[in-house]
Amino acid sequence: MSTQTAAARKRQKIDTVTIRFVGDSGDGMQLTGTEFTKASALAGNDLATFPDYPAEIRAPAGSLFGVSGYQVHFSSKDVHTPGDQPDVLVAMNPAAFKTNLADLRVGGMLLVNSGAFTAANLEKAGYKSNPLEDPALKQNYRVVQVDMNQATEAALQGSGLSSKDAARCKNYYALGLMYWLYSRNEEQQVGAIQKKFAKKPEIAKANVAVFKAGYDFGETSEIFHEQYEVPASKLRPGTYRNITGNAATALGFAAVAKQTGRTVFLGSYPITPATEILHEMSYMKAHGVVTYQAEDEIAGIGSAIGASFGGSLGVTSTSGPGLALKAEMLGLAVIAELPLVVVNVQRGGPSTGMPTKTEQADLYIALFGRHGEAPLPVIAAQSPTDCFYAAMEAMKIAVKWMTPVILLTDGYLANGSEPFRIPDESELPKVEPKYQTEKNGPDGSYLPYMRDAKLIRPWAIPGTPGLEHRIGGLEKDSLSGMVSYDGMNHEKMVKTRAQKIRNVVEDVPDLVVDGPQQGEVLLLSWGGTYGSVRTTAEALRAEGKSVAHAHLRWLNPMPKNLGAVLKSFKKVVIPEVNDGQLAFVIRGRFPGVDPIQYNRINGKALKVSELKKRVLELL
Amino acid sequence: MSTTNGTNGAQAAAVPAYTKKDFESGVDPRWCPGCGDWSIINQVQKVMPTVGVKRENIVFISGIGCSSRFPYYMNNYGMHTLHGRAPSFASGLKVSRPELQVWVMTGDGDALAIGGNHFIHCMRRNLDIKVVMFNNRIYGLTKGQVSPTSELGKKTKTTPFGSPDQPFNPPALALGAGATFVARSVDVEGAHMGGVLKSAAGHKGSAFIEVLQNCPIFNDGAYLSLTEKSVKADQLLRMEQGKPLVFGKDGKKGIRLNRETIQLEVVTIGEGGVTEKDLVVHDATREDPTYSTMMANLNQKPGFPTPIGVFRDVQRPTAEDLNAQQVQEQKAKSGKADMKTMLAGSDTWVVS
């Protein structure tokens with residue numbers, strides 16, 4: 001027995017750690033991950049998380065396709081991504097081990113539940129022999145084997161819990177061990193478990209016992225020679241909550257309802273990974289949000305446009321295949337010139353593709369996916385918390401310019417989470433819907449398509465006496481809005497609608513370049529890759545390289561200075577989680593600029609290490 | 001007048017004494033001479049002044065097709081949407097603005113083919129939306145193809161050898177989907193149609209009105225076997241609340257329930273000992289839709305008349321009211337939360 005005590009152990013300060021918890025879907029990995037995330041947040045770390053789960057609800061236990069994971073990256077510095085390669089991999093069974101080991105940083109810690117490495121589980125994972133016995137494993141990683149099944153059972157001896165219920169507690173063992181390893185507040189978690197299972201005291205008691213057993217194992221076993229501490233980061237002072245991109249999107253719309261006093265109407269149909277926006281907003285009825293679970297995607301957007309016609313602020317949320325179904329309705333919103341926000345949480349496509357995996361491949365459909373000439377503003381959120389501001393901004397543009405707006409997020413942002421600083425009301429984008437209440441025609445009539453200097457048409461809503469009017473999908477007379485088959489009127493309307501959307505550029509801030517304003521390489525990103533690309537550029541500059549980063553929030557219209565920025569660098573690299581959609585658009589809009597593509601389409605976020613390697617090759 | 005979305009205070013104020021003319025937009029309808037649509041708009045414009053709702057609070061929504069040009073010819077708020085999609089648009093409008101009276105004007109192809117899904121869900125939700133379906137049993141605007149109500153064997157440009165598909169029975173479909181008001185009328189029976197439309201306007205909940213309507217160009221005479229003077233009395237059965245189901249030139253034919261077969265049958269008063277007391281007394285207010293459905297299916301068998309009038313008229317809580325109730329409950333619970341409290345949610349920490 002070692003005489004080394006916890007007090008004698010070094011508590012080592014480190015900057016940044018990435019942990020990935022992996023196990024069977026049903027093993028409680030999402031819960032374990034979120035609980036650890038909360039503890040890191042309370043300890044003052046900046047952080048980012050990414051859950052990764054299978055498309056199957058509950059795949060057969062132990063199978064390779066049933067592995068569910070949750071990664072958390074926490075730091076005393078600014079964090080932009082959930083981390084490339086985990087420093088610690090917690091693997092609850094052979095299947096999780098097999099599918100995730102390759103991601104673990106060489107030299108990283110591998111904590112395995114050796115109790116799950118039974119003959120049956122090994123066979124399900126396709127192993128002929130136990131991989132834990134492979135000597136190469138210990139050369140590459142710091143392997144810690146703990147029989148968590150047995151330890152959990154031991155901790156619950158005499159608890160009276162069924163063996164099935166007892167086995168379900170083992171994720172708390174792993175959590176307890178991680179708590180000890182990273183010097184987290186043990187009592188806080190005990191309190192959290194008691195609160196969470198307040199209605200099932202026997203389960204609460206069991207989870208606490210197992211959690212403590214895990215924690216104490218760290219303390220008493222001689223496997224660990226040091227504990228780590230990640231000091232608090234210098235986050236901007238304020239009140240924080242942890243938030244996922246989808247929750248932030250929902251909250252952004254609720255903030256619009258609160259700010260404007262108008263109803264925000266969400267018409268939507270469940271689709272992965274956008275569904276949580278509908279879930280979250282369904283709880284917000286007290287705050288001016290009305291949700292409507294439509295019979296299909298088309299009815300989702302149709303109901304939202306109907307609500308906007310009635311003066312509410314229509315929103316519809318969806319993912320790729322859903323956006324395809326909404327295309328015809330989007331055209332109606334374009335020609336009717338009604339405000340609407342369409343949130344598209346991008347996922348792997350085409351068709352059903354990889355619904356639980358992330359992708360950035362809906363840029364083309366967002367920009368061009370309608371018949372006829374039907375331009376509309378397109379905005380992309382860059383981080384989970386930015387989804388909040390992007391939602392508000394999209395609505396601000398929609399009501400100001402009387403147009404549908406597409407807001408692009410993606411599965412990586414939607415499910416990932418990070419600390420969100422609760423803003424003051426004064427810091428929020430101002431959404432200002434205005435209704436027409438007076439006749440505007442020269443002869444005392446109401447002309448629904450009489451525009452102001454910015455080409456914006458008025459919004460008169462049912463219930464307003466004297467402004468009764470009829471509009472629809474047929475081409476409209478440029479003033480009265482009545483049906484017009486006059487060819488020249490059509491040409492005028494097409495050009496006017498396009499010019500109106502170009503005018504939106506007055507609300508598009510200039511592109512900001514981070515790093516040198518001219519030089520060797522510019523990394524140009526959009527949407528959810530912001531964090532990875534920003535981290536890559538910063539890492540390269542730390543090595544003395546001339547690498548700048550600019551991030552496009554606005555895909556249409558694009559910032560006025562974009563062309564000038566692109567021409568200030570010898571090489572422009574466009575990293576995307578698609579096959580080169582932004583690169584194609586840039587080539588078309590800025591002849592002479594030939595960006596170098598960097599594409600990854602493997603269902604995962606861009607890896608900083610891989611992108612960095614590629615940029616280094618170009619320098 | 002309140003122009004905010006929320007309860008419209010103006011609704012309670014006196015409704016002006018409108019005339020039919022107040023509901024005419026002044027745009028000349030572009031329907032073919034002799035089209036049944038003319039009769040429908042005539043009745044709608046006549047009924048609107050009597051429904052007790054201010055003109056600015058009435059909205060007509062349509063899909064695509066000849067019938068769907070309807071909103072342009074009314075002097076209300078109106079929206080001509082997409083093929084089949086009018087109910088979805090109307091639903092969003094009604095949920096967000098419950099104080100508006102919302103009508104959907106549609107055709108058999110629009111409502112039952114491309115829009116079939118929206119139609120059934122609009123009916124089952126029991127939103128207070130009135131769907132008037134012009135049924136000419138043909139695609140008119142695309143120049144003559146079969147519709148979901150075209151009869152088996154119908155020859156058209158897409159079915160040169162006769163349609164192999166069974167048609168929908170629209171009132172039965174609406175009843176099956178849970179509509180709380182279901183009625184049928186005919187374009188040539190103006191006064192009858194006006195009465196049905198008036199009843200629908202007064203109904204609170206999902207309403208479906210089928211209007212059998214002639215297309216003089218692509219399906220002329222589709223309903224002649226019902227509407228021609230010489231046969232009308234024997235072919236149309238006028239359902240009237242609380243009255244026995246009688247029809248026929250001399251009012252001697254009636255409908256009786258055969259208790260052995262549980263089927264409705266045609267009988268003649270005075271024959272085989274049948275008296276008026278043996279006939280079914282029409283009651284559209286039965287909560288159980290079985291009787292209404294039997295009536296809706298009456299004309300599916302040869303030798304039976306086609307019922308017109310109201311099949312079903314029952315009260316159930318509307319979706320928009322239930323939603324508004326939830327909003328009130330939630331507001332009472334936590335509606336006072338300011339922006340900051342709302343954004344904070346339940347789990348926060350402070351960085352100083």
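Helices (H or I, at least four residues) and strands (E, at least two) are taken as DSSP runs and numbered from the N terminus. The structure shown in the following views is a predicted model.

**Figure 1. Lys143(B) in a loop of chain B.** Lys143(B) occupies the loop that runs between strand 4 (129–135) and helix 5 (170–177) of chain B. Although Lys143(B) is not a glycine, its phi is positive, at about 70 degrees. The residue counts as exposed because its relative accessibility is 52%, and the cut-off for this class is over 50%.

**Figure 2. Met402(A) in a loop of chain A.** Here the loop between helix 15 (386–401) and strand 15 (404–410) of chain A holds Met402(A). Phi of Met402(A) is near 50 degrees, a positive value in a residue other than glycine. With a relative accessibility of 1%, Met402(A) counts as buried, since that class covers values under 20%.

**Figure 3. The cis peptide bond at Pro273(A).** The bond leading from Thr272(A) to Pro273(A) is cis, and its omega is near 0 degrees. Pro273(A) belongs to the loop between strand 10 (264–268) and helix 11 (275–282) of chain A.

**Figure 4. The cis peptide bond at Pro350(A).** Between Gly349(A) and Pro350(A) the peptide bond is cis, with omega near -5 degrees. The loop that contains Pro350(A) lies between strand 13 (340–346) and helix 14 (363–368) of chain A.

**Figure 5. Asp338(B) between two helices of chain B.** Asp338(B) is located in the loop between helix 10 (319–334) and helix 11 (339–344) of chain B. Its relative accessible area is 43%, so Asp338(B) is classed as partly exposed; this class lies between the limits of 20% and 50%. Ala14(B) is 324 residues away from Asp338(B) along the chain, and the C-alpha atoms of the two residues are separated by 37 Å.

**Figure 6. The annotated domain of chain B.** An unreviewed UniProt entry places the feature "domain: Thiamine pyrophosphate enzyme TPP-binding" at residues 64–211 of chain B.

**Figure 7. The annotated domain of chain A.** For chain A, an unreviewed UniProt entry assigns residues 26–216 to the feature "domain: Pyruvate/ketoisovalerate oxidoreductase catalytic". Over these residues the chain is 45% helix and 16% strand. A distance of 25 Å separates the end C-alpha atoms of the span.

**Figure 8. Chain B as the setting for the views of its residues.** Chain B contains 11 helices and 12 strands. Its radius of gyration is 23 Å, close to the 20 Å given by the globule rule for 352 residues, so chain B is as compact as a globular protein of that length. Along the principal axes, the C-alpha trace of chain B spans about 95 × 45 × 45 Å. Of the 352 residues in chain B, 55% count as buried. Among contacts in chain B with a separation of 6 or more, 66% are accounted for by residues 24 or more positions apart.

**Figure 9. Surface and charge of chain B.** The accessible surface of chain B amounts to about 14800 Å², and carbon and sulfur atoms contribute 53% of it. The chain carries 39 positive and 33 negative side chains. The centres of these two sets are 3 Å apart.

Definitions and conventions:
Residues numbered from 1 in each chain as written. Chains lettered and ligands numbered in written order. Predicted model: local features only at pLDDT ≥ 70, side-chain atom pairs only at ≥ 80, totals over all residues. Heavy atoms only, no water. Rg over C-alpha atoms; globule rule 2.2 N^0.38 Å. Buried < 20%, exposed > 50% of the residue type's maximum accessible area, 1.4 Å probe, protein only. Contact = heavy atoms within 4.5 Å. Areas by Shrake-Rupley, 256 points an atom, 1.4 Å probe, with all protein chains shown as cover. Lys, Arg positive; Asp, Glu negative; His and termini not counted. Charge placed at Lys NZ, Arg CZ, Asp CG, Glu CD. UniProt positions renumbered as here; feature names shortened; annotations may be inferred.
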